Amino acid sequence: MGSIEQRGKNSFRLSIVTGYDEKGNPIRIRETVKAKNLTEARKILSKFESAYLSGSLLKETEMTLR
């Protein structure tokens, strides 16, 4: 499930929770986009979520072994 946060007049931050770390904190992928209004931002969020679920969106990670 994604969320939208308005950052400026035509700027929105999209956020998707992809999982949780060993302490229970959510792991998020975020992207800032330009959109005319909230409705357009929701459409972009839908495409962003589908890209993540299909596997076409890759996130660079830093792996730490404990």
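In what sense do strand E2 and E3 pair, and over how many bridges? Strand E2, residues 11–20, pairs with E3 in the antiparallel sense, over nine bridges.

## Basis

This is a predicted model, in which local features need pLDDT of at least 70 and side-chain atom pairs count only at pLDDT 80 or more, while totals for chains, interfaces and linings use all residues. Residues are numbered from 1 along each chain as its sequence is written, and side-chain values use heavy atoms, with hydrogens and water left out.

## Sheet and helix

Three strands form an open sheet in the order E1-E2-E3, with antiparallel pairing. Strand E1 (2–6) and strand E3 (26–34) are the edge strands, each pairing on one side only. From one strand to the next, the twist averages 25°. Helix H1, residues 38–54, packs on the sheet and touches E1, E2 and E3; its direction makes about 30° with that of E2.

Strands (E, at least two residues) and helices (H or I, at least four) are DSSP runs numbered from the N terminus. Two strands pair if DSSP finds at least two bridges between them. Axes are lines fitted to C-alpha atoms, for helices over the stretch in contact, and angles run from 0 to 180 degrees between N-to-C directions.

## Two residues of E2

Ser-15 lies in strand E2 and stands opposite Arg-30 in E3.

How values were computed
Contact = heavy atoms within 4.5 Å.
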